[in-house]
Amino acid sequence: MDVTLKEYPQEELAAQPIGAWAGLAGRLVVGALREQLAVEDLTQPHWWTLNHVAGAPGRWTRAALTERLTAWDDLGTDFDGVYDDLVARGWLVEDAGRMTLTDQGEAGRLRARERNLRVHRQVHEGVDPADFVTTINVLRRMVANLGGDGDLP
């Protein structure tokens, strides 16, 4: 999809409310990701769980992963319910309280990853990688300036 943006003077752009634009972008991106995950009957917390567990098999306990993910959650998620759902699907197993994905879980994660990559490609269309990096760094700085954690997740 080739989208052409109207040009504005730099002064007018510099006066725009960052919260409004960042909020709108965030809602649209998250909405598109959630829509794609729903095709696999997954929520974002499912996705986060699958990725964290895949990235460090046997490391995460429920309590540690819930503490890690809660900062990103805007839905009041019952993370134990998410973990229970993944266990019931046969995607996640727990051994001595430590989580690992099953082959089914990894296959589901990879399907969901491909769906998310479609959204990422759409979001990045027409955006120079250097501009994207600058945008991320500007947002990280703003977050840190307001007392938040500007480090990468």
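Visitor: At what angle do H3 and H5 pack, and how far apart are their axes?
Guide: This is a predicted model, where local features need pLDDT of at least 70, side-chain atom pairs count only at pLDDT 80 or more, and totals for chains, interfaces and linings use all residues. Residues are numbered from 1 along each chain as its sequence is written, and side-chain values use heavy atoms, without hydrogens and water. Axes are lines fitted to C-alpha atoms, for helices over the stretch in contact, with angles from 0 to 180 degrees between N-to-C directions. For H3 and H5 the axes lie 10 Å apart, and the angle is about 70 degrees.

Visitor: Which word describes how H3 sits relative to H5?
Guide: Angles of 65 to 115 degrees count as roughly perpendicular. The angle here is about 70 degrees. H3 is therefore, relative to H5, roughly perpendicular.

Visitor: Which residues of H5 meet H3?
Guide: Contact means heavy atoms within 4.5 Å. From H3 come Pro45, His46, Trp48, Thr49 and Leu50. Their partners in H5 are Phe79, Val82, Tyr83, Asp85, Leu86 and Arg89.

Visitor: How do the residues of that contact divide?
Guide: Ala, Val, Leu, Ile, Met, Phe, Trp, Tyr, Cys and Pro count as nonpolar; Asp, Glu, Lys and Arg as charged; the others, Gly among them, as polar. The contact of H3 with H5 has 2 charged, 2 polar and 7 nonpolar residues.

Visitor: Which residues of H3 are buried?
Guide: Buried means under 20% relative accessible area (1.4 Å probe, protein chains only). What covers them includes helix H2 (18-39) and helix H6 (103-124). The buried residues of H3 are Gln44, Pro45, His46, Trp47, Trp48, Thr49, Leu50 and Val53.

How values were computed
Buried means under 20% relative accessible area, exposed over 50%, partly exposed in between (1.4 Å probe, protein chains only). Helices (H or I, at least four residues) and strands (E, at least two) are DSSP runs, numbered from the N terminus. Angles under 35 degrees count as roughly parallel, over 145 as roughly antiparallel, 65 to 115 as roughly perpendicular and the rest as oblique.
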